[in-house]
Amino acid sequence: MNAIEINNTCLKYGSVEALKDISFNVERGELFGLIGPDGAGKTSLFRILTTLILADSGTATVDGLEVVRDFKQIRNRVGYMPGRFSLYQDLTVEENLTFFATVFGTTIEENYHLIKDIYQQIEPFKNRRAGKLSGGMKQKLALSCALIHKPSVLFLDEPTTGVDPVSRKEFWEMLKRLKQQGITILVSTPYMDEAKLCDRIAFIQNGKILSINTPEKIIADFPYKIYAVEAENNYEILKQLRENPNVRSVFSFGDSLHVIFNGELIIDNGQLIVQDKKNNCQLSIVNCQFKEITPTIEDCFMALIDKSKEKR
């Protein structure tokens, strides 16, 4: 039995389609990533699965329970960490944790083993009010509160947004340890570099699932050759490339441009020439460095977005 199953789920806010026929499943003990930009539909899907809102159509189950009929049982079995810090700002760290443990009919002592690795990092500040904590500490407190009742499924909605790189790394290390304890984790993030840390990922854009697979398989299935191009004036070259029919796509990545060409490539004395015999045209790029590269997860996502636009 899968830990999470979503079938043909749709949701509208007025005339806006937030979710469009969403279907996928998450296996027990899996760390599954929902990857997409703000407004893609990630939070809406999480709210349906945690029984906070109802879908317009479709079905969903969590831990074998139906989200509409069995919502009370689901709330006792899942942990939910929303994207926005939602604990009580005026309560201390310890008071927040005690409150959530009491709500679920347990105690900190009973399930301390579940949160020990996480809580030990903020325990020295247990008498500090939650509103006075740093971003990383708030994140660890929220995760501790979501785990204190020993959930079988954990929902984390953009848990590392606005957190420093060190805390982000620590957080994902904590998720790996939780996975080893058999907890199923569904995590959403807008950060493409976090996608490769998941067992499987689903790309979501404008309420639609674009692709579902392991990060390695998504990269291996990338259908184009992609090149990194560096020049003295990347911005000017970026504008030229976007206007050229020889270029399928081009995006800025740090100090280089990631480019997919339509035509045949010729390298001649440091000059890159792209010939498009079909359209009888040629593009030349001079005074630049270029090399074929392995696509990143972000390259794959951008290519899927372009492909979905072509189908419209």
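The largest nonpolar core of this predicted model comprises 51 residues, and those with the most contacts inside it are L143, L154, L156, I185 and F203; a core is here a set of buried Ala, Val, Leu, Ile, Met, Phe, Trp, Tyr and Cys residues joined through side-chain atoms within 4.5 Å, where buried denotes under 20% relative accessible area, exposed over 50% and partly exposed the range in between, with a 1.4 Å probe and protein chains only. The most is given to this core by α5, with seven residues. When neighbours within four places in sequence are left aside, L143 is in contact (heavy atoms within 4.5 Å) with M81, I118, L154, L156, F171 and L178. Another core, of 27 residues, lies apart from it and includes I4, I6, L65 and V78. In soluble globular proteins, nonpolar side chains tend to be buried together.

Residues are numbered from 1 along each chain as its sequence is written. Local features need pLDDT of at least 70 and side-chain atom pairs count only at pLDDT 80 or more, while totals for chains, interfaces and linings use all residues, and side-chain values use heavy atoms, with hydrogens and water left out.

Helices (DSSP runs of H or I, at least four residues) and strands (E, at least two) are numbered from the N terminus. The axes of helix α3 (residues 93–103) and helix α5 (residues 135–147) come within 8 Å and cross at roughly 20°, the axes being lines fitted to C-alpha atoms over the stretch in contact and the angles running from 0 to 180 degrees between N-to-C directions. Because of this angle, α3 is roughly parallel to α5, a class that covers angles under 35 degrees. The crossing of α3 and α5 is right-handed, that is, the near helix is turned clockwise from the far one by less than a right angle. On the α3 side the contact is made by V93, N96, L97 and F100, and on the α5 side by L141, S144 and C145; these residues divide into five nonpolar, two polar and no charged.

Helix α1 (residues 42–49) is mostly covered, with six of its eight residues buried, namely K42, S44, L45, F46, I48 and L49. Just after α1, T51 takes a positive phi of about 65°.

K291, in strand β17 (residues 288–293), counts as exposed because its relative accessibility is 56%. Residues up to four places away in sequence not being counted, K291 touches I226, Y227 and A228, whereas K291 and I22, 269 residues apart in sequence, are 38 Å apart in space, C-alpha to C-alpha.

Notes. Angles under 35 degrees count as roughly parallel, over 145 as roughly antiparallel, 65 to 115 as roughly perpendicular and the rest as oblique. Ala, Val, Leu, Ile, Met, Phe, Trp, Tyr, Cys and Pro count as nonpolar, Asp, Glu, Lys and Arg as charged, and the others, Gly among them, as polar.
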